[in-house]
Amino acid sequence: MKILMFGDVVGQIGCDCLGRNLAKLRREYNADFVIVNGENSADGNGITQQSAQQLLEMGTDVITTGNHCFRRRCQSIYENPRILRPANYPEGTVGSGIFTADLGRTQLTVINLMGTAYMEPLDNPFAVADALLTQTESKIILVDFHAEATSEKRAMGFYLAGRVSAVVGTHTHVQTADSELLEGTTAYITDLGMTGPMRSVLGVAPELAVQKQRMHTPVAFQEAQGDCMINGACITVDDRTGRATDITALFLRKV
């Protein structure tokens, strides 16, 4: 089985870019399943009903999110089980951080977790991961770990190695050059990167990001325009064992 996973989609420009290319990429990589991080898919960050619907209609099977998941106060979107928020939010939070898809010949589970280093003090993601793994019988399990610290992401990768098919990092919007098979069984990359405008600072118009960093005064960020890129990974998994056999990072420019 082949799974495509895409890094944080930024704004309408990122949604449009992925929409123009997703069907072609599914054919090119013979992908059976698509997972997209959509927590920045609305202009100005966050996710809305409109941006989520656009991602689903273009062929996304599951949308994961992160620290901006509730930024737009569109909590009703999490009534759709295919739209996840990090599972380590406190008990009682709307939505779910785990989804299992029945693909006929097999089941596939997606887990969404968020790191706590330099981010919100949510429940311990390592303990939550342990608990969630007892809730699924799927052989194929893919984890989107939305986290800031490289060390926390690497630690999670090794912690879950051999127990899940893949651990991919999101959040920092810059694709890392460390795609590998941890312990020969679990596909891993510290960060998938970003789907959005190339000439930008994490998707934001460069001049606005420079002003913020240089002057340390409030700035209303806007998405950059121009040519786009698509960052992600294609993960190959053995249906019978759930072990990953390959991970190929995707970095497409001017698409």
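This is a predicted model: local features need pLDDT of at least 70, side-chain atom pairs count only at pLDDT 80 or more; totals for chains, interfaces and linings use all residues.
Student: Strand 7, how many of its residues are buried?
Tutor: Seven of the seven residues in strand 7 (residues 140-146) are buried. Buried means under 20% relative accessible area with a 1.4 Å probe, protein chains only. Strands are DSSP runs of E, at least two residues, and helices are runs of H or I, at least four, numbered from the N terminus.

Student: Which residues sit on each side of it?
Tutor: Ile140, Leu142, Asp144 and His146 are on one side of strand 7, and Ile141, Val143 and Phe145 are on the other.

Student: What does strand 7 pair with?
Tutor: Strand 6 (residues 107-114) pairs with strand 7 in the parallel sense over seven bridges, and strand 8 (residues 166-170) runs parallel to strand 7 with five bridges. Pairing takes at least two DSSP bridges between two strands. Leucine 113 has phenylalanine 145 as its bridge partner, while valine 143 stands opposite valine 167 in strand 8.

Student: Which hand is the crossover from strand 7 to strand 8, right or left?
Tutor: The crossover through helix 4 (residues 150-160) is right-handed. That term applies if, with the strands pointing away from the viewer, the path from the first strand over the helix to the second runs clockwise.

Student: New topic. What is in the largest nonpolar core?
Tutor: The core has 31 residues, and Leu4, Phe6 and Leu18 are among those with the most contacts inside it. Helix 1 gives the largest share, six residues. A nonpolar core is a set of buried Ala, Val, Leu, Ile, Met, Phe, Trp, Tyr and Cys residues joined through side-chain atoms within 4.5 Å.

Student: Why is strand 1 described as largely enclosed?
Tutor: Four of its five residues are buried, so strand 1 is largely enclosed by the rest of the structure. Strand 1 runs antiparallel to strand 12, with five bridges, and parallel to strand 3, with four bridges.

Student: Which elements give the largest pocket most lining?
Tutor: Helix 5 (residues 206-215) gives the largest share of the lining, three residues.

Methods:
Residues are numbered from 1 along each chain as its sequence is written. Side-chain values use heavy atoms; hydrogens and water are left out. Buried means under 20% relative accessible area, exposed over 50%, partly exposed in between (1.4 Å probe, protein chains only).
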